[in-house]
Amino acid sequence: MKTNDYIKDTESYMVHTYNRFPIVLDYGKGAYLYDIEGKEYLDFGAGIAVFALGYAHPFYTEKLKMQIEKLVHTSNLFYHSPGARAAKKLVEASKMHRVFFTNSGAEAIEGAIKSAKKYAYLRDGNTEHEIIAMKGSFHGRTLGALSVTGNSSYREAFGPMIEGIRFADFNDLESVKSQITEKTCAIILEPVQGEGGIYPAKKEFLKGLRKICDEKDILLIFDEIQCGMGRCTELFAWMKYGVKPDILTSAKALGCGIAVGAFLLNEKVAKASLTVGDHGSTYGGNPLACAAVEAVLTIFEEEKIVDHVKEISPVFEKALDGLVAKFSCIKERRGMGLMQGLVVDSNKALAGDIIRTAQKEGLIILSAGKNVLRFVPPLVITKVEISEMLAKMEKSLGQYER
């Protein structure tokens, strides 16, 4: 079959919820993807920040092959050794207290919301608690996750949302304070907003939130599904800021391609929230998913992935800053570590057009928010590959200069 045949079959039989690019991918190696016609693409999207270790990492691949041959699924009626090892590694690495494995980031958000509500219910017996979320945020597409997503365009066709959600301005502490009531049980945010346009939180904002939460017994929830797992120069972004949440969510690079997410609780919440029967998942934390988590965390540790991100990030930022300086269609760069955005001047170009032009040059990049180019490459990216990206971007952006 040819490219158009696969595209035709996909559009004929799948629900049309994605506007896909007309590329049929076949395999990946390192930081590169290849389509069925053999064209090579340098991947600075990493499956939307998933493939932190690049494609076909030998240790990761071998560990998953071994697990598939042994045991893929048991249900959570039984224990299994990959689950025990993965839980220990992730809890110790995150400096949290307990973990619940899910199948996705959206499910991790659902679990975080339920944990916060149960904590508040056990505290005061009330079921009318409220959660403060941020404008411009994105937390997923299930109803609970949509309810705390601060973009009405994602929500409007699927109401009513869960009740008791208030939205505040990101990086504006006074805005958050104005939304707090006696019913507030949690504040949820991304330390670096992703889909909203690559906006890092200000340190004083997070510290202010932590202080408020401590004073009022409100739980602080960090969504690190995209910005966590080393992308912001620490294993988790909260470590970069020195502000620890009560509940932490993770997914994407946690499994590096295997569908797995997690929500983690600190000791206070773990001791006074979810208990037997409150939450569950048929597939969540199955042996294959946990083998992936264990393999990923082992590689992070043995190959010093976070140290590499710290070393390569200034090189990456300098390359992107060079594009801002050279091309008038790019207004600014913002981001942290290997999670970066270039803001496009909409009077001169559109992000979607630049993305398609870059694909023709053999480069995959993404969009975020309104007219922002998103760069989230594998964390193992090299200086040579950054130089190659820069050359492809210069060629692509040159077509939009007047």
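Predicted model: local features only at pLDDT ≥ 70, side-chain atom pairs only at ≥ 80, totals over all residues.
Local features were taken at pLDDT of at least 70 and side-chain atom pairs only at pLDDT 80 or more, while totals for chains, interfaces and linings use all residues. Residues are numbered from 1 along each chain as its sequence is written, and side-chain values use heavy atoms, without hydrogens and water.

Helices (H or I, at least four residues) and strands (E, at least two) are DSSP runs, numbered from the N terminus. Two strands pair if DSSP finds at least two bridges between them. β1 and β2 (residues 32-35) are antiparallel and share four bridges. Tyr 27 stands opposite Tyr 34 in β2. Contact here means heavy atoms within 4.5 Å. Axes are lines fitted to C-alpha atoms, for helices over the stretch in contact, and angles between N-to-C directions run from 0 to 180 degrees.

A second open sheet is built from seven strands in the order β4-β12-β11-β10-β7-β5-β6. Its pairing is also mixed. β4 (98-102) and β6 (165-168) are the edge strands. Neighbouring strands are turned by 20° against each other on average, direction ignored. Within the sheet, β11 (residues 247-250) and β12 (residues 261-265) pair antiparallel over four bridges. Leu 248 has Leu 264 as its bridge partner in β12. Helix α4 (residues 81-94) lies across β4, β11 and β12, at about 120° to β4.

The largest nonpolar core has 98 residues. A nonpolar core is a set of buried Ala, Val, Leu, Ile, Met, Phe, Trp, Tyr and Cys residues joined through side-chain atoms within 4.5 Å. Buried means under 20% relative accessible area, exposed over 50%, and partly exposed in between (1.4 Å probe, protein chains only). Leu 373 and Met 389 have the most contacts inside this core. Helix α12 (residues 287-302) gives the largest share, eleven residues. Beyond its neighbours within four places in sequence, Leu 373 contacts residues including Ile 330, Leu 342, Ile 365 and Met 393. A separate core of 23 residues includes Ala 112, Ala 116, Tyr 119 and Ile 131.

Ser 273 sits in the loop between α11 (267-271) and α12. Ser 273 counts as buried because its relative accessibility is 4%. Its side chain reaches the backbone oxygen of Val 269 at 2.6 Å. Among the contacts of Ser 273 are Ser 115, Tyr 119 and Asp 278.

The model holds 23 salt bridges, each a side-chain nitrogen of Lys or Arg within 4 Å of a carboxyl oxygen of Asp or Glu. Glu 301 and Lys 89 form one of them (3.8 Å, N to O). Glu 301 lies in helix α12 and Lys 89 in helix α4, so the pair ties together parts 212 residues apart in sequence. Glu 301 is exposed at 55% relative accessibility, and Lys 89 is partly exposed at 26%. Lys 135 bridges to Asp 169, with the closest N and O atoms 3.1 Å apart. These two residues are 34 residues apart. Arg 356 and Asp 353 also form a salt bridge; both lie in helix α14 (residues 351-360), about one turn apart. Arg 123, Asp 124, Asp 217 and Lys 268 are linked in a salt-bridge network.

Methods: Polar contact = N/O pair within 3.5 Å; in protein donor to acceptor, adjacent residues only side chain to side chain.
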